[in-house]
Amino acid sequence: MKAISKVAIIPQLFNINEPVTYGLPTVMNPFLLLPYIGVPIINITIAYLATWLGLVGKVYINAPWSMPGPLLAFFSTLDWRAVILWLILFVMDLALWFPFMKAYDKYLLEKEGAHE
């Protein structure tokens with residue numbers, strides 16, 4: 001997991017998720033299924049509510065998908081508050097993914113130790 005994380009950090013900055021999606025793998029992984037499906041739903045719901053309540057501006061520019069997240073949030077809305085929302089969601093995502101990644105890492109270490 002550490003090796004894949006090191007390789008995937010730069011592509012992740014530009015919204016290229018394949019190194020993590022297929023390198024860990026997250027697809028068809030029972031440890032990561034819940035956050036893989038649930039975290040984007042939570043993000044979309046919070047972003048929708050923040051827009052609906054007028055806390056951030058509406059998206060009205062189709063910025064390039066490969067733009068780093070905070071820049072994408074700003075340039076698609078032209079609202080600095082969208083960057084703050086992106087940062088809040090990013091930290092929340094890390095907190096939601098962490099226990100699942102930790103459990104998967106523990107499983108991999110136990111599996112590796114059993115083969116030695």
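D79 is buried, at a relative accessible area of 7% (buried means under 20%, exposed over 50%, partly exposed in between, with a 1.4 Å probe and protein chains only). The model is predicted: local features need pLDDT of at least 70, side-chain atom pairs count only at pLDDT 80 or more, and totals for chains, interfaces and linings use all residues. Residues are numbered from 1 along each chain as its sequence is written, and side-chain values use heavy atoms, without hydrogens and water.

D79 sits in the loop between α4 (69-77) and α5. Helices here are DSSP runs of H or I with at least four residues, strands are E runs of at least two, and both are numbered from the N terminus. Leaving aside residues up to four places away in sequence, D79 touches V56, G57 and F74; contact means heavy atoms within 4.5 Å. A polar atom of the D79 side chain lies 2.6 Å from the backbone nitrogen of G57.

Now follow α5 (residues 80-114). Helix α3 (residues 33-52) packs against α5 at about 160°, with the axes 10 Å apart. Axes are lines fitted to C-alpha atoms, for helices over the stretch in contact, and angles run from 0 to 180 degrees between N-to-C directions. The angle makes α3 roughly antiparallel to α5, a term for angles over 145 degrees. Contributors to the contact include Y36, I42 and N43 of α3, and L89, D93 and W97 of α5.

Step back to the whole chain. The pattern along the sequence is α-α-α-α-α, with five helices and zero strands. The C-alpha trace spans about 55 × 25 × 20 Å along its principal axes. Of the 116 residues, 22% are buried.

Note on methods. Parallel < 35°, antiparallel > 145°, perpendicular 65-115°, else oblique. Polar contact = N/O pair within 3.5 Å; in protein donor to acceptor, adjacent residues only side chain to side chain.
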